[in-house]
Amino acid sequence: MSLADQTLPLFGQMLGTLDGLLAKAAADPRGDSLLAERLADDMVPLATQIRFTCDQAVTGLKRITGLAFVSDEADDATIVAARQRITAARAWIAGIDPAALGADDAPIAFELPNGMGFAMTASQYVRDWTVPQFYFHLMAAYAILRSKGIPLGKADYVPFMMRYLKVPAPA
C-alpha cells in the first residue's frame with residue numbers, strides 16, 4: 001500500500017469525523033467552554049487535542065512531501081475557529097497530488113521539543129509515528145466530549161462507513 005493510500009483518505013475522512021464531533025459539541029449549551037475540558041489534570045484540553053490532531057496529519061504530510069502549510073500554533077478559543085482549522089487542513093490534504101508522497105524508503109528524521117530525535121523511513125514514520133499520534137489525539141477529543149455528555153457513539157466516529165452500507169433486499 002502506498003504512502004498516499006495510507007494517509008490521504010485516512011486523514012481526510014477522520015478530520016471530517018472530528019468536525020462532526022465538534023458540530024455536536026457546538027449544539028451543546030456549554031459551547032466554547034468545552035474547549036477547556038480535559039480527561040485528566042496532566043492531559044491537554046480539548047482545544048489542544050483538536051490542534052494536535054490537525055497538526056499530526058499536516059506535519060506528517062509536510063515531512064514526507066516537502067509541501068508547505070502554515071498553521072496557527074495557538075489553541076482555538078471557539079468551536080467555530082476549531083472547525084475552520086479542520087476545514088483548512090482537510091482542504092490542503094485534498095489538494096495533495098498522491099505522487100508528492102514519494103518513496104516508502106525515503107529517510108525521515110525529526111526531533112521533538114524535548115530533544116528526543118528519531119530517524120526512520122517514510123513508511124515507518126507514517127505507520128509508527130504519524131498515524132498512532134493522529135488517532136491518540138482524535139480519540140482523546142472524542143473521549144473528552146463523550147465524558148462531558150455530548151451524545152456521541154460509534155456512528156459518529158465512523159460516519160464515512162455509511163457509503164459501504166448494504167441494504168438488504170426486500171423479502
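Helices here are DSSP runs of H or I with at least four residues, strands are runs of E with at least two, and both are numbered from the N terminus. Please keep in mind that this is a predicted model, in which local features need pLDDT of at least 70 and side-chain atom pairs count only at pLDDT 80 or more, while totals for chains, interfaces and linings use all residues. Residues are numbered from 1 along each chain as its sequence is written, and side-chain values use heavy atoms, with hydrogens and water left out.

Now step back into H2 itself. This helix has 20 residues and reaches 29 Å from its first C-alpha to its last, close to the 28 Å expected at 1.5 Å a residue (the expected span is 1.5 Å times one less than the number of residues). H2 is mostly covered, with 16 of its 20 residues buried; buried means under 20% relative accessible area, exposed over 50%, and partly exposed in between, using a 1.4 Å probe and protein chains only. Gln-56 belongs to H2 and is buried, at a relative accessible area of 16%. Apart from neighbours within four places in sequence, Gln-56 is in contact with Trp-129, Thr-130, Gln-133, Phe-134 and His-137, where contact means heavy atoms within 4.5 Å.

Leaving aside neighbours within four places in sequence, Leu-145 is in contact with Leu-21, Leu-22, Ala-25, Leu-34, Leu-46, Ile-150 and Leu-152.

Ile-86, in helix H3, is buried, with a relative accessible area of 0%. Ile-86 and Asp-19 are 67 residues apart along the chain, yet 6.6 Å separates their C-alpha atoms.

Let's turn to charge. The whole structure holds eight salt bridges, each a side-chain nitrogen of Lys or Arg within 4 Å of a carboxyl oxygen of Asp or Glu. One of them pairs Lys-24 with Asp-156, their closest N and O atoms being 3.1 Å apart. Lys-24 lies in helix H1 and Asp-156 in helix H5, so this pair ties together parts that are 132 residues apart in sequence. Another salt bridge joins Arg-51 and Glu-73 (3.9 Å, N to O). Because Arg-51 sits in helix H2 and Glu-73 in the loop between H2 and H3, the pair ties together parts 22 residues apart in sequence. Arg-51 counts as buried at 11% relative accessibility, whereas Glu-73 is exposed at 56%. Through shared partners, salt bridges join Arg-51, Glu-73 and Asp-75 into one network.

We finish on the surface. Leu-165, in the segment after helix H5 (154-157), counts as exposed at 54% relative accessibility.
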